[in-house]
Amino acid sequence: MTRLLLIGPPGAGKGTQAERLALAFEVPAVSTGDIFRYNVTNKTELGLEVKSFMDKGAYVPDSLTNAIVADRLKETDAASGFLLDGYPRTTDQVAELDRLLDAEGTKLDVVVLITADTDEVVARLLKRAAEQGRADDTADVIRHRLDVYAEQTAPLIDVYSARGLVVTIDGLGAVEEVTERILAALTERGLRASTTTI
């Protein structure tokens, strides 16, 4: 049973590391960003609602995000653990996640905080925008998202640090190096990957 949360600014490499860690621990990576983008791409009712916020670089409201995550964590593949990427983003969402996990008699094992230099993050996201044609990743929107992250999400680090759950990882460097840093930190916390072949 492994329940992880990845926190870090947009562009810090959370999505990439989430995929790799999910494979290593054989748990599903639950990414609110992926769920939102899937619905936006498929023009679902949820997708249209989400798009109106994403286009402005704003976060999707807690009520909507909470409902989506609650549904996802009820799926059978999440029964033996999960890796959260992009949720919770606010202290209200932390309270909702606590409530969800308490109801199941479980809790988070570790919160992995991936850090990255702001200029590096902006450069990464602009490059990704060019490669993937993502209209939501303009320089202004990226900097706004970083400001929103600092304002709303950084306080989560204080909450989880007070619980002794946070391990801080430098997100700069080769993808493999960052993964190795995370796995080493998790091993120190008593969490061993099911496989090291990623």
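Helices (H or I, at least four residues) and strands (E, at least two) are DSSP runs here, numbered from the N terminus. This is a predicted model, where local features need pLDDT of at least 70 and side-chain atom pairs count only at pLDDT 80 or more, while totals for chains, interfaces and linings use all residues. Residues are numbered from 1 along each chain as its sequence is written, and side-chain values use heavy atoms, with hydrogens and water left out.

**View 1. Five strands line up as an open, parallel sheet in the order β2-β3-β1-β4-β5.** Two strands pair if DSSP finds at least two bridges between them. At the edges sit β2 (29-31) and β5 (166-170), each pairing on one side only. Neighbouring strands are turned by 25° against each other on average, direction ignored; axes here are lines fitted to C-alpha atoms, for helices over the stretch in contact, and angles run from 0 to 180 degrees between N-to-C directions. Helix α1 (residues 14-25) lies across β1, β2, β3 and β4 and runs at about 170° to β1. Helix α2 (residues 32-41) also packs on the sheet, touching β2 and β3, with its direction at about 60° to that of β2. Touching, or contact, means heavy atoms within 4.5 Å.

**View 2. Here is β1 with its two partners, β3 and β4.** Strand β1 is mostly covered, with six of its six residues buried; buried means under 20% relative accessible area, exposed over 50% and partly exposed in between (1.4 Å probe, protein chains only). In a regular strand the side chains alternate between the two faces of the sheet. In β1, Thr2, Leu4 and Leu6 point one way and Arg3, Leu5 and Ile7 the other. Five bridges hold the parallel pairing of β1 with β3: Arg3 partners Phe82, Leu4 stands opposite Leu83, and Leu5 stands opposite Leu84. On the β4 side there are four bridges, again parallel, and Leu6 has Val112 as its bridge partner.

**View 3. Strand β3 is covered on both faces.** Five of its five residues are buried. Gly81, Leu83 and Asp85 sit on one side, with Phe82 and Leu84 on the other. The parallel pairing of β3 with β2 runs over three bridges, and Val30 stands opposite Leu84.

**View 4. The largest nonpolar core has 21 residues.** A nonpolar core is a set of buried Ala, Val, Leu, Ile, Met, Phe, Trp, Tyr and Cys residues joined through side-chain atoms within 4.5 Å. The members that touch the most others are Ile7, Leu73, Leu84, Leu97, Leu108, Val111 and Tyr160. Two or more residues each come from β1 (2-7), α4 (62-73), β3 (81-85), α5 (91-103), β4 (110-115) and α7 (139-162). Of these, α7 gives the most, with four residues. A separate core of 20 residues lies apart from this one, and its members include Ala18, Val112, Ile169 and Val178. Zoom in on Leu108: leaving aside neighbours within four places in sequence, Leu108 is in contact with Arg3, Leu4, Leu5, Phe82, Leu97, Leu101, Tyr160 and Leu165.

**View 5. Helices α5 and α7 cross at roughly 40°, with their axes coming within 9 Å.** From α5, the contact uses Thr91, Val94 and Leu97; from α7, it uses Pro155, Leu156, Val159 and Tyr160.

**View 6. The loop between β3 and α5 holds Pro88 and Thr90.** The peptide bond from Tyr87 to Pro88 is cis, with omega near 0°. Thr90 counts as buried because its relative accessibility is 13%. Its side chain makes a polar contact with the side chain of Asp62 at 3.1 Å. (A polar contact is a pair of N or O atoms within 3.5 Å; within protein, one must be able to donate a hydrogen and the other to accept it, and residues adjacent in sequence count only if both atoms are side-chain atoms.) Not counting residues up to four places away in sequence, Thr90 touches Asp62, Gln152 and Leu156.

**View 7. Glu26 and Lys43 are non-glycine residues with positive phi.** Most residues other than glycine have a negative phi, and most peptide bonds are trans. Glu26, in the loop between α1 and β2, has a phi of about 55°. Its relative accessibility is 57%, so Glu26 counts as exposed. Lys43 lies in the loop between α2 and α3 (45-54), with phi near 50°. At 63% relative accessibility, Lys43 counts as exposed too.
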